[in-house]
Amino acid sequence: MHGPFCSIVPPYMLRRLAKQGAPEFSSAARAAREALGHVESFRSARSQPAPDIPAGVRQAKPGPPHRTVFDANSAEILPGTLVRKEGEAPVGDPAADEAYDGLGHTHRLYADVFGRNSIDGRGLPLNATVHFGQLYDNAFWDGKQMVFGDGDGEVFERFTKSLSVIGHELAHGVTQYSAALVYRNQAGALNESMSDVFGALVEQYVNNQSAAEASWLIGEGIFTPDVEGRALRSLKAPGTAYDDDVLGKDPQPDSMDTYVRTSADNGGVHINSGIPNRAFYLVAESLGGNAWDSPGRIWYEALTGGSLPPAATFRVFARATAASAMELFGSGSPEHDAVQLAWETVKVKL
Amino acid sequence: MKISVERTGGIAAIPRVWTVEARSETAINQWQPIVEACPWDSVPRTPRAAAEKFAGQQPDRFIYAIRAGQHRAALPEQAVTGPWRVLVDSTREAAEASRAEGRQDGASAG
């Protein structure tokens, strides 16, 4: 695993220098050149760790969460200053307290519903850093912990405002420690879809919402009021989450008929995830009740059961869900039928 | 000299493009050192090549495609440090400032 990435030369000092006249530009350029070693030494974001738990092996009873929240204080150095540890009272910083609560909610879904002991199945401590960078409009999982920006205030507000975003990021950790889906093309879109599915389930479970009651939105509430959009993505209706003059329209397809071939975004991992996302929604809609029950169980088993290769395609994953449904509920069961019909609807051949 | 920075990826995966055009001699003289400080020949030119070089992408990180004149580069955000960071941040600031000025007095950006 790698150490934290940060600029050798403080970027904001360099930027200020760069905005000055010609002599200062040479200074900035010189300073920048001195920082080249950092780029040259960059090799990879992280190497995928092998799953900690052999596939299919049942885990020990889940323990309580071990949460720690750090504050990057607008720098880009991880983890930052410790602000809240497990069991401590709220600190009054919305971002820190939302992150702390979100980690707990996510841990509870995996423990209560799926019997999983934290992200790695072995009680991994849950760490999060808030206030990362300046006007940083993103949240990510760096292979070890979650990181949240405050947003730029023009398009995005702070990313901890959405529980589905927190659940989304932690689900990347679950995928990392289970199927380790490659973050590119269809496998990458499945990786993203797993995060959207389980991110949505965290929100639904906490709010005790049935499939019919849920919004099925990812990132609801993180757009500023200036943006024409409800959220980042919709599992129920991919391609309809936003339509804004500046940002454009939600590009997600809802079936293989409109699959997007692109080299951007690691082969469209956040775009084509709309297809498996909708398949999950269709299963949940068909079966009714709570999506974290049968649909969640089927998807969870497909992800963590050990049969899914890292380079899985949509078809391979669809077959894995059908196999899980058959194993859990029997061939020809409503669950098995719902899974088959869902994939058929989104035009993924089993 | 036209300089553009396209940012894709991130959890939102909403592409953003920032563009500046240095037309005057003064502007070119200001941008040239920032552009030339970047090691263009030692980094991938396309997002696809960047994905291959920087294997093991961190989920939801940004990916930058940078163009300046005839130069091309593609980098994950973790590699946008040093002179790349200066170029990306300067381009973004200049493009946003130009856009804001355009909104204020109706002038065109660039």
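1. First, a term for the sheet: two strands pair if DSSP finds at least two bridges between them. Helices (H or I, at least four residues) and strands (E, at least two) are DSSP runs, numbered from the N terminus. With that in hand, look at Thr68(A), whose bridge partner in E3(A) is Asn127(A). Strand E1 (residues 67-71) and strand E3 (residues 126-130) of chain A run parallel and are joined by 5 bridges.

2. Before going on, please note that this is a predicted model, where local features need pLDDT of at least 70, side-chain atom pairs count only at pLDDT 80 or more, and totals for chains, interfaces and linings use all residues. Residues are numbered from 1 along each chain as its sequence is written, while chains are lettered from A and ligands numbered from 1 in the order in which they are written.

3. Now the whole sheet. In chain A, 5 strands form an open sheet with mixed pairing, in the order E2-E1-E3-E5-E4. Strand E2 (81-85) and strand E4 (139-141) of chain A are at the edges with a single partner strand each, so one side of each has no neighbour in the sheet. From one strand to the next, the twist averages 20° (axes are lines fitted to C-alpha atoms, for helices over the stretch in contact, and angles run from 0 to 180 degrees between N-to-C directions).

4. H5(A) lies across E4 and strand E5 (146-148) of chain A, at about 20° to E4(A). Contact here is between two residues whose C-beta atoms, placed from the backbone, lie within 7 Å.

5. How is chain A divided? It has domain 1 (67-177) and domain 2 (185-345), with bounds from an automatic or database domain assignment. Their centres, taken over C-alpha atoms, are 22 Å apart. The contact takes 23 residues from domain 1 of chain A and 26 residues from domain 2 of chain A. On the domain 1 side, helix H4 (94-114) and helix H5 (163-177) of chain A each supply at least two residues, and H5(A) gives the most, with 9 residues.

6. The C-alpha atoms of chain B fill a box of roughly 45 × 30 × 20 Å, taken along the principal axes. In chain B, residues 24 or more positions apart account for 58% of the contacts with a separation of 6 or more.
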